[in-house]
Amino acid sequence: MNTRTWLARVTPRGYLLFALAVVIAFAAVGVWGAGAFGGTRIPASSEGVKHEHRWGGGDLLLEGLGQRPGTCVVRPEQAPEREVAVSAKGGDGVELTSWFTGPALITCDVDAKGYTGTSIGLHTRTRSLAFKIGVPLAVLVPVVLGVVYGVRRDPH
């Protein structure tokens, strides 16, 4: 069976369902990209090199990027500093709410990533089991329905 014969068997309902699957897939890739790449990388500081990230306050999600857990130090300009333990890559992040007014500088002894604002929610959602299972199902269901109900069994 050639392509032209097969495409003649697809009904408008089938095309609509396949288009819906493509739209869902592109939207999911966009949400995943925003959640995965929305944070700011904080390189590990060492004795000779100090990397600092400026946090303006509000909510912050810190995640470790290395193979081992580490510590980040949050130094506000007008409040006491705090040490925060971060897990190794793949572990749960640490959510912080600012206990100070004004900015703070963050240094870590391991590579870390900081998420603020809406990127916290996007990142958290894209790492959830519901997203990891729900998105493939949301794409697969219209495809299956398109094959079952949108393709004629015998060409006209």
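Arg-127 is partly exposed, at 31% relative accessibility. Partly exposed here means between the limits for buried (under 20% relative accessible area) and exposed (over 50%), with a 1.4 Å probe and protein chains only. The model is a predicted one: local features need pLDDT of at least 70, side-chain atom pairs count only at pLDDT 80 or more, and totals for chains, interfaces and linings use all residues. Residues are numbered from 1 along each chain as its sequence is written, and side-chain values use heavy atoms, with hydrogens and water left out.

Arg-127 sits in the loop between α3 (118–126) and α4. Helices (H or I, at least four residues) and strands (E, at least two) are DSSP runs, numbered from the N terminus. Contact is defined as heavy atoms within 4.5 Å. With neighbours within four places in sequence set aside, Arg-127 contacts Glu-63, Gly-90, Gly-91 and Lys-132. Two of these partners are reached through polar contacts. A polar contact is a pair of N or O atoms within 3.5 Å; within protein, one must be able to donate a hydrogen and the other to accept it, and residues adjacent in sequence count only if both atoms are side-chain atoms. The side chains of Arg-127 and Glu-63 are joined by such a contact of 2.5 Å. The backbone oxygen of Gly-90 lies 3.1 Å from the side chain of Arg-127. Gly-35 is 92 residues from Arg-127 along the chain, and their C-alpha atoms are 8.6 Å apart.

The pairing with Glu-63 is also a salt bridge, at 2.5 Å from N to O. It links distant parts of the chain, with Glu-63 in strand β3 (residues 59–64) and Arg-127 in the loop between α3 and α4, 64 residues apart. A salt bridge requires a side-chain nitrogen of Lys or Arg within 4 Å of a carboxyl oxygen of Asp or Glu. Glu-63 is buried, with a relative accessible area of 8%.

By this rule, the model has four salt bridges. One of them joins Asp-111 and Arg-41, whose closest N and O atoms are 2.9 Å apart. Asp-111 lies in the loop between β7 (104–108) and β8, and Arg-41 in strand β1 (residues 40–42), so the pair ties together parts that are 70 residues apart in sequence. Asp-111 is partly exposed, with a relative accessible area of 26%. Arg-41 is partly exposed as well, at 48% relative accessibility. Another salt bridge connects Lys-50 and Glu-52, at 3.6 Å from N to O. Lys-50 is exposed, with a relative accessible area of 55%. Glu-52 is partly exposed, at 44%.

Lys-113 presents another arrangement. This residue belongs to strand β8 (residues 112–116). Lys-113 is buried yet has no salt bridge. The nearest side chain of opposite charge is Glu-63, 7.5 Å away. For charge, Lys and Arg count as positive and Asp and Glu as negative; His and the chain ends are not counted. A polar atom of the Lys-113 side chain does lie 2.9 Å from the backbone oxygen of Ala-36. Residues up to four places away in sequence not counted, Lys-113 touches Ala-36, Phe-37, Gly-39, Thr-40, Arg-41, Ile-42, Leu-61, Leu-62, Glu-63 and Leu-65.

The loops on the two sides of β8 were examined next. Val-110 lies in the loop between β7 and β8. Val-110 is buried, with a relative accessible area of 5%. Beyond residues up to four places away in sequence, Val-110 touches Ile-42, Pro-43, Ala-44, Arg-68, Pro-69, Gly-70 and Val-86. Val-110 and Gly-90 are 20 residues apart in sequence and 14 Å apart in space, C-alpha to C-alpha. Gly-117 lies in the loop between β8 and α3. Gly-117 is exposed, with a relative accessible area of 53%.

A nonpolar patch is found on the surface. Its members are Leu-129, Ile-133, Leu-137, Leu-140, Val-141, Val-143, Val-144, Leu-145, Val-147, Val-148 and Tyr-149, with about 950 Å² of accessible area together. Patches are made of residues with over 30% relative accessible area and no salt bridge; like charges are joined within 9 Å, and nonpolar side chains (Val, Leu, Ile, Met, Phe, Trp, Tyr) within 5 Å. Accessible areas come from the Shrake-Rupley method with a 1.4 Å probe, and for residues only the protein chains shown count as cover. Leu-129 is in helix α4 (residues 129–149). Leu-129 is exposed, with a relative accessible area of 60%.
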